[in-house]
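This report describes the architecture of a single protein chain, with attention to how its secondary-structure elements pack and to a few individual residues. The sequence and the structure come first.

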Amino acid sequence: MREILQEIVGTVLFFVLFFGIGFILNMLVKTTWLPTWLYIFVVLPIGVGYFWKPDLSLLAFLGVFLWPFLAGIGGALASGWAIRSLRKNGYKMF
């Protein structure tokens, strides 16, 4: 039960973390989808390379790390959509 709770909390934290980082990066750099591309090309390879262990099967790896990684990409995408809608509605500072 404790492991499931940790998985849920970790997934929510990944979403919030990458939404916040993506939102701030979008405001500073003024690009909409840069955080998503950075996540795909930087965070995923580093995360898979760091957490992969040779004695761990692919199914076990995906079972543990798939949801936080998907939540991270979801947060990066959500930050892009949020910035895009704010710009569309006339907020010039974004």
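At what angle do H1 and H3 pack, and how far apart are their axes? The angle between H1 and H3 is about 30°, and their axes lie 7 Å apart. The crossing of H1 with H3 is right-handed. By residue class, the contact of H1 with H3 comprises 16 nonpolar, nine polar and two charged residues.

**Overall architecture**

The model is predicted. The chain has three helices and zero strands, which gives the pattern α-α-α when it is read along the sequence. Its C-alpha trace spans about 50 × 30 × 15 Å along the principal axes. Of the 94 residues in the chain, 26% are buried. The accessible surface amounts to about 6600 Å², and carbon and sulfur atoms contribute 78% of that surface.

**Packing of H2 against H3**

Helix H2 covers residues 34–51 and helix H3 covers residues 58–88; the two pack at an angle of about 160°, with axes 10 Å apart. Because angles over 145 degrees count as roughly antiparallel, H2 is described as roughly antiparallel to H3. The crossing of H2 and H3 is right-handed. On the H2 side, the residues in contact are Pro35, Thr36, Tyr39, Ile40, Leu44, Gly47, Val48 and Phe51. Their counterparts in H3 are Phe61, Phe65, Pro68, Phe69, Gly72, Ile73, Ala76 and Leu77. This contact of H2 with H3 contains 13 nonpolar residues, three polar residues and no charged residues.

| Helix pair | Angle | Axis separation |
|---|---|---|
| H1 and H3 | about 30° | 7 Å |
| H2 and H3 | about 160° | 10 Å |

**Individual residues**

Which residues does Asn26 contact, leaving aside its neighbours within four places in sequence? Asn26 belongs to helix H1, and its contacts beyond those neighbours are Thr31, Thr32, Trp33, Pro35, Ser79, Gly80, Ile83 and Arg87. Asn26 has a relative accessible area of 0% and is therefore buried, the cut-off for that class being under 20%.

Lys30 is found in the loop between H1 and H2. What is the phi of Lys30? Although Lys30 is not a glycine, its phi is positive, at about 60°. As a general rule, most residues other than glycine have a negative phi.

Gln6 is in helix H1, which runs over residues 2–29. Its relative accessibility is 48%, so Gln6 counts as partly exposed. Gln6 and Val48 are 42 residues apart along the chain, and their C-alpha atoms are separated by 19 Å. Val48 is also one of the H2 residues that meet H3.

The C-alpha atoms of Gly63 and Glu7 are 10.0 Å apart in space, while the two residues are 56 residues apart in sequence.

How values were computed:
Residues numbered from 1 in each chain as written. Predicted model: local features only at pLDDT ≥ 70, side-chain atom pairs only at ≥ 80, totals over all residues. Heavy atoms only, no water. Axes fitted to C-alpha atoms, helices over the stretch in contact; angles between N-to-C directions. Helix = DSSP H or I, 4+ residues; strand = E, 2+ residues; numbered from the N terminus. Parallel < 35°, antiparallel > 145°, perpendicular 65-115°, else oblique. Left-handed = near helix turned anticlockwise from the far one by under 90°. Contact = heavy atoms within 4.5 Å. Nonpolar A, V, L, I, M, F, W, Y, C, P; charged D, E, K, R; others polar. Buried < 20%, exposed > 50% of the residue type's maximum accessible area, 1.4 Å probe, protein only. Areas by Shrake-Rupley, 256 points an atom, 1.4 Å probe, with all protein chains shown as cover.
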